[in-house]
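Biologist: I am new to this structure, and I would like to learn how to read its features step by step. Could you take me through them slowly?

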Amino acid sequence: MGGRSLLDKVWDAHSVRELPSGQTQLFIGLHLIHEVTSPQAFAALREAGLRARHPERTFATVDHIIPTDSQRRPLADPMAEAMLVELERSAAQSGIRFFGPESGHQGIVHVIGPELGLTQPGMTIACGDSHTSTHGAFGAVAFGIGTSQVRDVLATQCLAVARPRVRRIDVGGKLAAGVYAKDVILTVIRRLGVKGGIGFAYEYGGAAIEAMTLEERMTVCNMSIEGGARVGYVNPDDATFAYLRGREMAPQGAAFERAVAWWRSMASDGDASYADRVRFDGAAIAPTVTFGINPGQSVGVDESIPRLSEVPDDERPALAEALAFMELRAGAPLAGTRIDVAFIGSCTNGRISDLREAARVARHGKVAPGVRTFVVPGSQAVQRQAEAEGLPAVFRAAGFDWREPGCSMCLAMNPDRLQGRELCASSSNRNFKGRQGSPTGRTLLMSPAMVAAAAIRGKVVDVREIL
Amino acid sequence: MTAGEPVHRVAGRGCVLRGDDIDTDRIIPARYLRAISFEGLGEHAFEDDRKQAKGNHPLDDARFDGASILIVGRNFGCGSSREHAPQALARSGFRAFVGESFAEIFFGNCTALGLPCATLPRAELERLMESVELNPRQELVLDLARGTLASRAGVQAIEMPAGARRQLLEGSYDATAVLLEAGDAIEATAARLPYVSGFAG
């Protein structure tokens with residue numbers, strides 16, 4: 001009889017009942033909302049004559065539509081202002097705490113949950129946003145939901161969901177200098193594919209993961225969904241508890257010690273059984289860059305773009321479509337590709353450690369002529385910390401544009417957008433066609449340090465040449 | 001699309017949309033999420049893809065006019081969790097999806113709206129696509145009770161997770177009502193979780 005995984009322990013602890021459909025009615029410990037996917041849910045709630053059942057377990061912020069030049073109210077874009085007002089109103093009516101621009105705690109929902117200490121091990125966490133998997137870095141079972149499900153959580157604090165199987169992903173060894181969490185997750189998705197994770201929760205472990213800070217683990221878990229896995233997590237350990245100690249919304253004093261005992265008990269047992277197991281050698285991972293139109297289409301920066309003959313039959317149409325859209329040549333090296341825009345930020349890579357690494361590179365040069373740049377802290381707290389460390393001055397001295405916190409150019413629901421066929425070196429999570437705001441705009445995903453390196457050289461370059 | 005109405009079968013014409021890993025940003029570009037309702041999304045479904053295809057997109061192909069079943073490839077609906085994607089497709093007339101596989105969140109969003117997502121193995125899917133491209137005016141019948149898709153390509157056995165299929169057949173896909181039935185069991189579960197009380201001693 002094998003032991004139990006964290007997924008199984010959390011699932012069982014939060015299971016209200018098995019539903020006739022075979023799904024589980026799962027209690028949701030933490031519900032996060034933002035302005036894009038919640039207004040229709042509040043409307044449906046009102047229409048059904050229902051109220052938020054546990055408003056104290058839901059927290060709101062504004063991130064997708066917020067401009068990064070000025071957050072002053074009213075927002076310059078009337079529709080953005082209307083969405084913000086709608087969320088403020090719904091949150092106030094429901095008794096939900098809202099971290100707005102005036103709160104000092106506003107930021108990307110997946111950045112502020114952890115930094116406030118709301119995100120904790122052993123919890124179930126849901127948010128109307130696919131990158132909710134980020135919170136799995138703390139050993140929570142966290143997943144994205146649609147608007148109908150946001151309504152379900154508001155009304156019942158529960159969801160009807162099917163239990164995923166667990167794939168253990170071991171990343172052994174030690175990452176080389178200049179190789180980051182972003183390179184690890186891009187490598188995982190490259191090998192397992194963008195649909196390989198459907199039906200699975202990804203449990204990340206092994207020496208390279210255990211050596212990571214919580215911020216790095218968040219980067220890995222964040223992009224689980226890009227591999228098709230709705231849930232990705234790392235077992236909680238001393239690093240997790242150290243991160244949480246003293247955070248505003250985390251347990252304090254004696255309660256914190258009791259919490260640590262419970263959190264520790266929720267980690268996967270050493271003899272837990274898994275539906276599947278995959279191993280990676282962390283030492284073999286290179287700085288990785290996408291060349292295509294999904295996050296699985298990537299190569300090491302020292303590799304060439306694959307030829308059609310080098311991929312399996314059923315991947316050829318997607319590769320051909322990607323190369324045509326990106327105007328990149330099969331067999332050519334990706335390094336040296338000229339860029340127009342550099343974006344550092346997002347829920348994947350908009351935390352203080354990301355900005356520090358990018359700044360370290362920025363100290364080595366100036367932004368190349370003609371390259372537009374956006375350096376966007378993930379939250380107001382990250383912004384304050386960066387200011388305390390003097391990072392904005394470093395970026396500005398190198399010619400980077402330092403901005404206000406938000407989702408910014410990750411998804412183009414605010415004024416930060418690509419124009420025309422611009423090619424963007426981006427620390428975000430999606431290189432889909434049109435993702436960054438221009439229907440024909442192009443995206444190369446990479447680590448923040450690699451983006452900074454591309455910005456100062458004006459082209460894709462191996463950051464290890466600079467550091 | 002009355003919430004909670006049982007969905008036994010969807011009959012109508014098909015529209016063949018080839019390609020794998022079509023994400024929800026392509027289905028409905030993010031700029032149309034700048035709104036507080038789902039109204040008006042139908043006209044913007046696949047807007048950027050259609051513009052770039054210059055009239056050659058399947059959704060602009062007159063042969064597929066009036067289609068209610070969208071036939072897609074692998075990992076359809078990947079990426080963003082936006083329910084705006086199935087909302088946009090439903091509002092442009094689609095009542096069901098048949099493909100090789102669907103991204104999980106998209107699948108869940110569709111089910112919650114009473115829109116079945118059925119899968120076929122790749123070879124069977126290819127036969128269906130070819131048949132519909134050859135005879136776009138034919139009627140397809142997706143029968144959830146029988147678990148079949150009938151077309152000129154024959155009667156094909158579709159796959160769908162048992163839970164979703166049951167929810168659609170019973171009309172219990174509007175989960176709020178089902179979840180509320182648990183009543184006090186919700187609070188009993190919460191009471192067993194030490195963090196709900198803030199790890200009070």
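Biologist: How many residues does the contact take from chain B and from chain A?

Modeller: Please keep in mind that this is a predicted model, in which local features need pLDDT of at least 70 and side-chain atom pairs count only at pLDDT 80 or more, while totals for chains, interfaces and linings use all residues. Residues are numbered from 1 along each chain as its sequence is written, and chains are lettered from A and ligands numbered from 1 in the order in which they are written. Two residues are in contact if their C-beta atoms, placed from the backbone, lie within 7 Å, and by that rule 56 residues of chain B and 67 residues of chain A take part. On the chain B side, the helices that each supply at least two residues include H1 (24-27), H2 (47-53) and H8 (184-192) of chain B; helices (H or I, at least four residues) and strands (E, at least two) are DSSP runs, numbered from the N terminus. This side of chain B has 25 nonpolar, 17 polar and 14 charged residues, where Ala, Val, Leu, Ile, Met, Phe, Trp, Tyr, Cys and Pro count as nonpolar, Asp, Glu, Lys and Arg as charged, and the others, Gly among them, as polar.

Biologist: Into which domains is chain A divided?

Modeller: Domain bounds come from an automatic or database domain assignment, and chain A is divided into domain 1 (6-161), domain 2 (165-284) and domain 3 (288-465). The C-alpha centres of domain 1 and domain 3 of chain A lie 28 Å apart, and their contact takes 22 residues from domain 1 and 21 residues from domain 3. Helix H4 (residues 109-116) of chain A gives the largest share of the domain 1 side, four residues.

Biologist: Which residues have the most contacts inside the largest nonpolar core?

Modeller: In soluble globular proteins, nonpolar side chains tend to be buried together. A nonpolar core is a set of buried Ala, Val, Leu, Ile, Met, Phe, Trp, Tyr and Cys residues joined through C-beta atoms within 7 Å, and a residue is buried if 20 or more other C-beta atoms lie within 10 Å of its own, exposed if 12 or fewer, and partly exposed in between, with C-beta atoms placed from the backbone. The largest core here has 221 residues, and Val451(A) and Ile71(B) have the most contacts inside it. Helix H16 (residues 448-457) of chain A gives the most to this core, with eight residues. Ile71(B) touches, among others, Val16(B), Leu17(B), Val98(B) and Leu128(B).

Biologist: In what order do the three strands of the open antiparallel sheet in chain A lie?

Modeller: Two strands pair if DSSP finds at least two bridges between them, and the order in this sheet is E1-E2-E8 of chain A. Its edge strands are E1 (15-18) and E8 (158-161) of chain A, each of which pairs on one side only. E1(A) and E2(A) pair over three bridges and form a hairpin with five residues between them, where Gly22(A) in the turn has a positive phi of about 95 degrees. Strand E2 (residues 24-27) of chain A is joined to E8(A) by four bridges.

Biologist: Which residues stand opposite Thr24(A)?

Modeller: Glu18(A) stands opposite Thr24(A) on one strand, while in E8(A) the bridge partner of Thr24(A) is Val161(A). In a regular strand the side chains alternate between the two faces of the sheet. In E2(A), Thr24(A) and Leu26(A) point one way and Gln25(A) and Phe27(A) the other way, and all are buried.

Technical notes:
Lists of a residue's contacts leave out its neighbours within four places in sequence.
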